[in-house]
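Please have your viewer ready to pick out residues as we go.

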Amino acid sequence: MNNIQYKTQSDAAAVTVGRKPPGAEAGTWKDFITVTKPGILRTNMVAAFGGFWLASGWNVDYMKMLFTLIGTALIMASSCVFNNYFDRELDMKMERTRKRSLPTGRLKPTTVLIYAITLGIVGLSVLLLLSGPLAGLLGMLGMFVYVVIYTLWLKRTSTWSTSIGGISGAMPPVIGYVAASGQIDLGAWLLFALLFLWQPPHFWALAIRRVEEYRAAGFPLLPVVKGIERTKWQTLPYIILLIPVPILMYVYNYTGLVFMIATLLLSLLWLYFALKGFKAKDTDAWAKKVFFFSINYLTISFLLMIFDTVHK
């Protein structure tokens, strides 16, 4: 048996009930950082900053921006820690997740649960009190969708988990935007659309590469239930609907010409890569290429949006 798997059922049960399996190492501060999924946090902090910056015009309240970024980071970290807590048994079934802090027993479930609750309370308090009630309510909505709707329900029961779960992933830039503007207007909706439409084709590229692991873990993701070919087709509407977003942001005077042209070209290039997938001989290599392109797409788009914001 693979040496990173538990050798007995009692070892696996130890993680569930809060005891470390035999031979497990003690957790360190790095484990507490890892369960917050820092890679996801970094990307979405850029998005939250971009949303605040877009709505601010020339009147940037830097202190409010700082509190908004802190509050958003904390509620996102809380949501990710809750995700690790509730998925701890399923994570033992996947090669990609077996070495996480809970499956290996480095952190106890009770400790992780308290950590998640604490991060959530502090994060929501910061948003509600220092960024505005609307920002706080959107933070609560994002947490509820990710933890309850996505993690506890759809991820275990439906192929719609990725699409519906995208609501929570689209919240960071909207939280930043409404913290600065105090309202949900067209700019907020366009930011929501950009993140919401980006997520399914991004995640499905990863799911295609790890389809057998997700199948073994019992996750009914689209490539597991409907197959890889159907998943390739399903990515197309999301990418196509991304195309008009930068155009609308330019037309309605949120961003300049540089952002519109660059992001439009990136969207078209992503569509081109997606279409090439139907003739790809090496599906894994194709999916890997598309996955990393999608990460660069989001990072470049938000950096350009920040650079090319039209300050009214």
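## About the model

This is a predicted model, in which local features need pLDDT of at least 70 and side-chain atom pairs count only at pLDDT 80 or more, while totals for chains, interfaces and linings use all residues. Residues are numbered from 1 along each chain as its sequence is written, and side-chain values use heavy atoms, with hydrogens and water left out.

## Helix H14 and its buried side

Let's start with H14, which spans residues 244-251; helices here are DSSP runs of H or I with at least four residues, numbered from the N terminus. Its buried residues are Val 245, Pro 246 and Met 249, where buried means under 20% relative accessible area (1.4 Å probe, protein chains only). They cover an arc of only 95 degrees around the axis, which puts them on the same side of H14; the arc is taken from the directions from the helix axis to the C-beta atoms. As a reminder, an α-helix has 3.6 residues a turn, so residues three or four places apart point the same way.

The partners of these buried residues are helices H3 (38-56), H10 (186-209), H13 (228-242), H15 (257-276) and H16 (283-307). Just after H14, Asn 253 takes a positive phi of about 65 degrees.

## The largest nonpolar core

Met 249 turns up again in the largest nonpolar core, which has 87 residues. Such a core is a set of buried Ala, Val, Leu, Ile, Met, Phe, Trp, Tyr and Cys residues joined through side-chain atoms within 4.5 Å. Tyr 177, Tyr 214, Met 249, Trp 270, Tyr 297 and Phe 302 touch the most other members, and H10 gives the largest share, 14 residues.

Which residues does Tyr 297 touch, not counting those up to four places away in sequence? Among them are Leu 194, Trp 198, Leu 242 and Trp 270, with contact meaning heavy atoms within 4.5 Å.

Thr 72 lies in helix H4 (residues 62-86) and has a relative accessible area of 0%. Beyond four places in sequence, Thr 72 touches Met 45, Ala 48, Leu 127, Pro 172 and Ile 175.

Phe 219 sits in the loop between H11 (211-217) and H12 (222-225), yet is buried at 3%. Its C-alpha atom is separated by 5.6 Å from that of Arg 156, 63 residues apart along the chain. Ser 101, in the loop between H5 (88-91) and H6 (109-131), is buried at 2%.

Note on methods: Buried < 20%, exposed > 50% of the residue type's maximum accessible area, 1.4 Å probe, protein only. Helix = DSSP H or I, 4+ residues; strand = E, 2+ residues; numbered from the N terminus.
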